[in-house]
Amino acid sequence: MSVSLSQVKSDFLRVMIERGFVHQISDLEGLDALFSKQVVTAYIGFDPTASSLHAGSLIQIMMLHWLQQTGHRPVTLMGGGTGMVGDPSFKDEARKLMTPDIINSNVEAIKKSFSAYIRYDDSPTGAIMANNADWLLKLNYLEFLRDVGVHFSVNRMLAFDSVKQRLEREQSLSFLEFNYMILQAYDFVELSKRFDCRLQMGGSDQWGNIINGIDLGHRLDTPQLYALTTPLLTTSSGAKMGKSANGAVWLDPQLLSPYDFWQYWRNTEDDDVERFLKLYTILPLDEVAKLAALEGGERNEAKKILATEITALLHGREAAEKARETARQTFEEGAISADLPTVEMASEDLTDLGILSALVTAGLAASNSEARRHVKGGAVKVNDSAFVDERGTIGPQNLTGDGVIKLSLGKKKHVLLKPI
């Protein structure tokens with residue numbers, strides 16, 4: 001969807017368009033008029049499939065940040081109820097079902113990340129944390145079928161891309177999952193009734209589900225509801241956002257250190273720097289333009305600023321600057337910083353430890369065979385010295401004056417092994 005700034009007057013939609021958040025809007029003129037005349041409540045749903053969200057969710061979280069910053073009220077909807085079903089959208093197979101205890105534990109853990117970006121309080125623009133388990137678990141199935149299910153056409157639901165692609169691949173789509181889109185539509189109506197929520201936002205894969213909610217609202221006499229979706233993001237090389245070679249880029253510092261989070265963004269591809277500065281930082285756009293114009297070696301400075309600003313939003317300015325300084329010492333001075341990722345090991349386990357096992361233990365390789373390839377390829381260093389013997393061992397003789405062994409893979413991945 002091509003949207004021009006000249007088409008909008010409201011601050012929120014201008015920010016969304018300027019910074020590249022908009023893929024589709026159900027009624028641009030109507031939504032812009034609504035944002036121009038009142039405080040608008042909008043929501044995004046998050047499935048509690050893990051104890052932390054990852055970087056792939058940041059584009060949605062930043063939308064809620066800008067919503068509040070421009071004078072409106074965000075709702076973070078946790079799928080405590082729908083999490084028992086699982087969103088089938090564009091998935092190859094059904095998700096593994098979770099128990100209520102696991103779902104509730106994940107919901108509580110995820111709440112912490114939101115507070116870094118939005119403010120929860122009782123003010124007119126204070127964010128609301130909602131959980132659809134509060135109403136979905138209380139539904140009477142027969143009444144729900146009669147009052148809500150009657151408004152859904154199976155023919156139309158089968159036409160949605162998220163369902164059609166699954167069926168075209170002849171992959172199973174259970175009735176349990178098929179109900180998900182009805183439940184999500186009902187969530188929109190319920191949030192409209194409870195909080196006067198008028199807008200649902202999400203990734204472009206959620207367009208059909210959101211439109212279902214708008215249509216259901218029409219039939220159940222809610223005020224006019226609206227949809228806004230973002231592009232589905234990948235890196236310039238086609239990699240999925242929020243994933244790295246070592247797994248998910250978690251937002252929870254207990255699962256991924258601020259240093260590793262910083263490093264993920266520092267390694268941004270050149271062609272993604274400007275786009276990511278607009279989407280994931282709050283830097284003014286004129287400053288973004290100056291950074292995006294840097295070339296050659298100066299491009300690395302833009303990447304450092306990108307990584308620092310994104311890390312500061314999530315983990316705080318002090319942690320971000322600390323991560324940047326750790327990287328500077330490690331890469332520019334060759335120093336061993338205590339702030340590098342550290343793996344503690346029993347002293348006896350660090351005696352004659354095979355280099356392949358050491359790399360796997362440090363998380364620098366997923367298996368001995370992968371570690372062997374790295375060693376043979378000359379990518380492994382111990383205390384900044386090349387290590388080329390795949391049958392070699394490390395031990396107390398490799399401890400530095402700081403009492404650690406520094407393992408390196410390439411120029412950017414470093415882990416300290418520390419005996420205890």
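Which residue in S15 is the bridge partner of Leu-409? In this predicted model, Leu-409 is bridged to Lys-413 of S15. The two residues belong to an antiparallel pairing of strand S14 (residues 405–409) with S15, which extends over 5 bridges. Strand S15 (residues 413–419) also pairs with strand S9 (residues 342–345), here in the parallel sense and over 4 bridges. Within S15, Pro-419 is the bridge partner of Met-345. Strands of a sheet pair through backbone hydrogen bonds, in either a parallel or an antiparallel sense.

An open sheet is formed by 6 strands, arranged in the order S1-S6-S5-S2-S3-S4 with mixed pairing. Strands S1 (24–25) and S4 (128–131) stand at its edges; each has a single partner strand, so one side of each is left without a neighbour in the sheet. Strand S2 (residues 41–46) pairs with strand S3 (residues 73–78) in the parallel sense over 6 bridges, and Tyr-43 stands opposite Val-75 of S3. Helix H2 (residues 28–37) packs on the sheet, where it touches S1, strand S5 (197–203) and strand S6 (226–230). The direction of H2 makes about 100 degrees with that of S6. Helix H11 (residues 207–219) lies across S1, S5 and S6, and runs at about 170 degrees to S6.

Notes
Residues are numbered from 1 along each chain as its sequence is written. This is a predicted model: local features need pLDDT of at least 70, side-chain atom pairs count only at pLDDT 80 or more; totals for chains, interfaces and linings use all residues. Side-chain values use heavy atoms; hydrogens and water are left out. Two strands pair if DSSP finds at least two bridges between them. Contact means heavy atoms within 4.5 Å. Axes are lines fitted to C-alpha atoms, for helices over the stretch in contact, and angles run from 0 to 180 degrees between N-to-C directions.
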